[in-house]
Amino acid sequence: MHPKLLASKKSQTQPYEVLYWVGHLLFLVMILVLLLNHVNSVGSSAEFEKNFIVRDLALFIDAVQSLDSDAVIEYPTPKEIKEFELKHDLIKVGTKDDSKPAAYLILAEKSKAYEPILLKESKITLAENEVLVIKKQGKIISIGPKIKTI
């Protein structure tokens, strides 16, 4: 090799520069792996599912409130979600033996144009072959189980 090539500062990189960029690259890969694990766990977790179902169910009950006639509506639920509780202005949803069910307000705004809607308080646990049923009879809304029909 030519002696000038070995002495040229432009063609040589310092070892600490290589370590600097490799360290940054490893740090970036580690952050991306941690973020990917977090995103995967959030998308498949029971907490996400419970929060989604409780908000959807609250919106659905609010829509049932505005119906003019009586109705009996089956509400499809995921297999993991088994516990439902309807209170004065709150719906709770949880898995079986759940210590912390998800809760959401329902019928929060009372309009003077409509007569007040009453909620029949209940707490139910669905069996394996049952679905959730929302009933509106007059001004009373209730929830209950119903055996699936195929």
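Trainee: Why does Trp 21 count as exposed?

Mentor: Trp 21 has a relative accessibility of 59%, and the term exposed asks for over 50% relative accessible area, with buried meaning under 20% and partly exposed everything in between (1.4 Å probe, protein chains only), so Trp 21 counts as exposed. Before we go on, keep in mind that this is a predicted model, in which local features need pLDDT of at least 70 and side-chain atom pairs count only at pLDDT 80 or more, while totals for chains, interfaces and linings use all residues. Residues are numbered from 1 along each chain as its sequence is written, and side-chain values use heavy atoms, with hydrogens and water left out.

Trainee: How many aromatic pairs does the structure hold, and what makes the pair of Tyr 20 and Trp 21 edge-to-face?

Mentor: The structure holds two aromatic pairs. In the pair of Tyr 20 and Trp 21 the ring centres are 5.1 Å apart and the planes stand at 85°; rings of Phe, Tyr and Trp (its six-membered ring) pair if their centres lie within 6.5 Å, and planes under 30 degrees apart count as stacked, over 60 as edge-to-face and the rest as tilted, so this pair is edge-to-face. Tyr 20, at 45% relative accessibility, counts as partly exposed.

Trainee: Why is the pair of Phe 60 and Tyr 75 called tilted, and which parts does the pair tie together?

Mentor: The rings of Phe 60 and Tyr 75 are 5.6 Å apart, centre to centre, with 50° between the planes, which is what makes the pair tilted. Phe 60 lies in helix H3 and Tyr 75 in strand E1, so the pair ties together parts that are 15 residues apart in sequence. The relative accessible area of Phe 60 is 27%, so Phe 60 is partly exposed, whereas Tyr 75, at 6%, counts as buried.

Trainee: Which residues of H3 are buried, and what puts them on the same side of the helix?

Mentor: They are Lys 50, Ile 53, Val 54, Leu 57, Ala 58, Ile 61 and Val 64. They cover an arc of only 135° around the axis, which puts them on the same side of H3, the arc being that of the directions from the helix axis to the C-beta atoms. The buried residues of H3 pack against several strands, including E2 (81-86) and E3 (90-95).

Trainee: Why is Lys 50 called buried, and what is it in contact with?

Mentor: Lys 50 has a relative accessible area of 2%, so Lys 50 is buried. Leaving aside neighbours within four places in sequence, Lys 50 is in contact (heavy atoms within 4.5 Å) with residues including Ile 81, Asp 98 and Pro 101. The C-alpha atoms of Lys 50 and Pro 101 are separated by 7.5 Å, although the two are 51 residues apart along the chain.

Trainee: What makes up the largest nonpolar core?

Mentor: That core has 22 residues, and those with the most contacts inside it are Leu 57, Phe 84 and Ile 91. H3 gives the most to this core, with six residues. A nonpolar core is a set of buried Ala, Val, Leu, Ile, Met, Phe, Trp, Tyr and Cys residues joined through side-chain atoms within 4.5 Å.

Trainee: Are Ser 142 and Asp 68 buried or exposed?

Mentor: Ser 142, which lies in strand E8, has a relative accessible area of 12%, so Ser 142 is buried. Asp 68, found in the loop between H3 and E1, has 84% relative accessibility and therefore counts as exposed.

Definitions and conventions: Helix = DSSP H or I, 4+ residues; strand = E, 2+ residues; numbered from the N terminus.
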